[in-house]
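Work through the exercises below with the coordinates open. Each task is followed by a solution in steps.

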Amino acid sequence: MPAAIASAALTKRFGSACAVDAIDLDVPAGSVYGFLGPNGSGKTTTIRMLLGLVFPTSGTHQLFGSDISHDRAKVLGRVGALVEGPAFHPYLSGAATLARLDAADRTTDPATVRPRIGAALDRVGLGPAAGKNYRIYSLGMRQRLGIAAALLRPRDLLILDEPTNGLDPQGTREVRTLVGELADEGVTVFLSSHLLSEVEQMCTDVGVMSAGRLVWQGRLADLRGGQVPRARVETADVDAAASAMARAGLDDIARSEGLVSALLGDVPAERVVELLVRAGVGVRSFTVVRPTLEEQFVALTGDGFDVSG
Amino acid sequence: MIFRRRRNVVLLTVLALVPVLICAAVRASGRDGHGGSIFGGITENGLFAALAAFLAAGPLFLPLVVSVVAGDSIAGEASSGTLRYLLAVPVGRTRLLAVKFGAATIWCLACVVSIAALGLLAGLVFFPNGRLTLLSGATVSYAQGALRLAAVTGYVGLTMLFVAALGVFVSTSTEVPIAAIAATLTLTIVSQVADAIPQLSAIHSWLPTHYWLAWVNLLRDPVDTGDMSTGLLVTLGYVAFLLSMAWARFGGKDITS
């Protein structure tokens, strides 16, 4: 089965600024892929290239093995998208907005449009507001309408750019549930986010963008698995604790005032505690610290305050 | 969509009121017309009301109303962000341009037909209607006159396609609809100003607006269609040129709105 999204050295320059720098995306079919990165790291430009809105400066990409430049209508029909926030005509109702979008899609059956609109709106919980004008929708309702538009017809791939932006905790949960349901149905979901907790809870695969480059890509479990836990000892007797930990075989021992920490590696924590107690070190606390996804993310992308380009 | 926007409905209403306004003004002034001119003829035959409205609205108001819709066509979608969703549906860019120009064409026709219809109606209400004395002095039956009015309406509508095509082209180059509307109207006015400068007579016959009033020839007997067919050809040429420019511009454009 070809990958849902595969790109080769996909690059976009705006003038001299390089927004996206030779990225090789590989989104397995059936995965929920979290596209992480700080603001301005090139996520939206990448999504626009995937959808054919922005033309790449160089490089290629394929959706389900077909090139978008050849069979645009057929390929993009399999893709539902929410790009950089919802945007619809303010004086059309939710249902009328979906009707207009469906009318623009020549591959759907006009005879089934009413039930499909109803189903899409119900799925995102907008059924009761279907007849109200878009302009009086709250940000959360607008976001839901955007997702409903992406669900107007069965899709193989959903590209969701910051889908929980502006949603309250309840709405965020609903989106999470929805993404889970869609994934169970076999839909590949590609969702961009700068919210790590969101990605952690929803995704099976992760790609991390930083300053236009894809700095890490793979299964979320592998990203987690690559983390080596550290043993952290609070004590008044720093020197004795450090030598006991060295005897236990720990690396990268760091000392500071009242605190010693070291890479635990494969050494069982029980063994370290035993050695510390034998050496007569007064231990105030002993903890095993696993770097959070956030720390890993910052390690990959920097502090996130550098906006590139 | 065009006819559902309140702004457009208001514009169309005001446009259709132009002949009514003219009738009311002429009637209120109480002076008898002299015949031989379009405005002067209104008191003698109501058919002239619609023609006077075309004369009054033709150079500025009608192009304005057309450029509002045509200039807004792509830029309006871009500024509200709906363009990216339409293109991601997916709608082909060529098809989107074709639909937008088609809608602008329908709008042009709706505009001229409203002027003609309300003009006809106001003329029937306010003034005598019978045999029509043409500008050249000959008289024709009312039915024949109405037919000529229909031809005038068609001609004005077709010449407005230049404004529509210009508007769609400018609209592909910006995300600010009001800028596209203003630029379209400005270029139309520049053409008319150039047309009024005698020293530029060498280029006059190439100006898109030069033949805009050639429909006056329909009010003479025999009808000289020479200027009108040239006018239609020039319009057609500009429309083809502007639409291919729009296509070239829009087809390869990055949509970042």
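Helices (H or I, at least four residues) and strands (E, at least two) are DSSP runs, numbered from the N terminus. The model is predicted, so local features need pLDDT of at least 70 and side-chain atom pairs count only at pLDDT 80 or more, while totals for chains, interfaces and linings use all residues. Residues are numbered from 1 along each chain as its sequence is written, chains are lettered from A in the order in which they are written, and side-chain values use heavy atoms, with hydrogens and water left out.

**Exercise 1. Place A:P56 in chain A and list what A:P56 is in contact with.**

Step 1. Locate the residue. A:P56 sits in the loop between α1 (43-50) and β5 (58-63) of chain A.

Step 2. Classify the exposure. Buried means under 20% relative accessible area, exposed over 50%, and partly exposed in between (1.4 Å probe, protein chains only). With a relative accessible area of 30%, A:P56 is therefore partly exposed.

Step 3. Collect the partners. Contact means heavy atoms within 4.5 Å. Leaving aside neighbours within four places in sequence, A:P56 is in contact with A:L10, A:T11, A:K12 and A:M49.

Step 4. A:L182 is 126 residues from A:P56 in sequence, and their C-alpha atoms are 30 Å apart.

**Exercise 2. Describe the contact between chain A and chain B.**

Step 1. Count the residues. Chain A gives 29 residues to the contact and chain B gives 24 residues.

Step 2. Find the buried area, which is the accessible area (1.4 Å probe) that two parts lose on being put together, summed over both. For chain A and chain B this is about 2,300 Å², with 56% of it on carbon and sulfur atoms.

Step 3. Count the polar contacts. Such a contact is a pair of N or O atoms within 3.5 Å; within protein, one must be able to donate a hydrogen and the other to accept it, and residues adjacent in sequence count only if both atoms are side-chain atoms. Across the interface, 16 residue pairs are in polar contact (both at pLDDT 80 or more).

Step 4. Assign the chain A side to elements. At least two residues each come from β1 (5-14), α2 (72-77), β7 (79-82) and α3 (94-104) of chain A.

Step 5. Sort that side by residue class. Ala, Val, Leu, Ile, Met, Phe, Trp, Tyr, Cys and Pro count as nonpolar, Asp, Glu, Lys and Arg as charged, and the others, Gly among them, as polar. The residues of chain A that touch chain B divide into 17 nonpolar, 4 polar and 8 charged.

**Exercise 3. How many salt bridges are there over all chains, and which parts do A:E84 and A:R48 tie together?**

Step 1. Apply the rule: a side-chain nitrogen of Lys or Arg lies within 4 Å of a carboxyl oxygen of Asp or Glu. The count is 17 salt bridges over all chains.

Step 2. Treat A:E84 and A:R48. Their closest N and O atoms are 2.8 Å apart. A:E84 lies in the loop between β7 and α3 of chain A and A:R48 in helix α1, so the pair ties together parts that are 36 residues apart in sequence. A:E84 is partly exposed at 43% relative accessible area, whereas A:R48 is buried at 3%.

Step 3. Treat A:D205 and A:R219. The closest N and O atoms of this salt bridge are 3.7 Å apart. A:D205 belongs to strand β10 (residues 205-210) and A:R219 to strand β11 (residues 213-219) of chain A, so parts 14 residues apart in sequence are tied together. A:D205 counts as buried at 5% relative accessibility, and A:R219 is partly exposed at 45%.

Step 4. Turn to the interface. Between chain A and chain B there are 2 salt bridges. A:R100 and B:E77 meet in a salt bridge (2.6 Å, N to O). A:R100, B:E77 and B:K100 are linked in a network of salt bridges.

**Exercise 4. Is helix α2 of chain B largely enclosed or open?**

Step 1. Count the buried residues. Of the 11 residues of helix α2 (residues 47-57) of chain B, 9 are buried, so the helix is largely enclosed by the rest of the structure.

Step 2. Find the packing partners. The buried residues, including B:F48 and B:F54, pack against α1 (6-29), α3 (61-80), α5 (93-126), β1 (132-133) and α6 (142-171) of chain B.
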